[in-house]
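Hello,

Here is the structure I promised to pass on. My notes follow below it.

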Amino acid sequence: MQRIMLKSKLHRVQVTHSELEYEGSCAIDETLLEAAQIREYEQIAIYNITNGERFTTYAIKAQRNSGVISINGAAAHKANPGDLIIIATYANYSELELEKYKPALIYVNENNQIIAKKDSIQIQAA
């Protein structure tokens, strides 16, 4: 059996650009792409914390260490500069692969610079 699991996420990154006329995609600082194990042109899910929008697009590279998170094309209607978003990727894993499974969870500061890398989320208290 295969299970679809969270592969990686960039948690609470801030949108820096929203470019309606740019070819559709999401440009992400290359340092963040590497940390979250996201490849250029890989499908990504975006969850907008600020306005509740949820949408799918693909990743492209933005300049390394720039902090750029640019929502492009039609998706630009769903996020504005300053919005906080989560960018997630998912993958299929076999039961055997899940024995060693750990997602790449990347946390950033207000400038989209990495402040923490984790592989689990704390249990939510009652």
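This is a predicted model: local features need pLDDT of at least 70, side-chain atom pairs count only at pLDDT 80 or more; totals for chains, interfaces and linings use all residues.

Residues are numbered from 1 along each chain as its sequence is written, and side-chain values use heavy atoms, with hydrogens and water left out.

The sheet. It is open and has 9 strands, ordered β2-β6-β3-β5-β4-β7-β1-β8-β9, with mixed pairing. β2 (17–19) and β9 (114–118) are the edges; each has a single partner strand, so one side of each has no neighbour in the sheet. Strands here are DSSP runs (E, at least two residues), numbered from the N terminus. Two of them pair if DSSP finds at least two bridges between them.

Two pairs. β4 (residues 43–48) runs antiparallel to β7 (residues 84–94) over 4 bridges. There, Ile46 sits opposite Ile87 of β7. β8 (residues 104–108) and β9 are also antiparallel, over 4 bridges. Tyr107 has Ala116 in β9 as its bridge partner. The β8–β9 hairpin has 5 residues between its strands, and Asn112 in the turn has a positive phi of about 60°.

The site. An unreviewed UniProt entry lists Thr57, Gly73, Ala74 and Ala75 under "binding site". They span 19 residues in sequence, but no two of their C-alpha atoms are more than 9.8 Å apart, so they gather at one spot. UniProt positions use the numbering here, feature names are shortened, and annotations may be inferred rather than shown by experiment.

Thr57 lies in β5 (residues 54–62). At 14% relative accessibility, Thr57 is buried (under 20% relative accessible area, 1.4 Å probe, protein chains only; exposed is over 50%, partly exposed in between). Ala75 is in the loop between β6 (69–72) and β7, and is buried too, at 13%.

Best wishes
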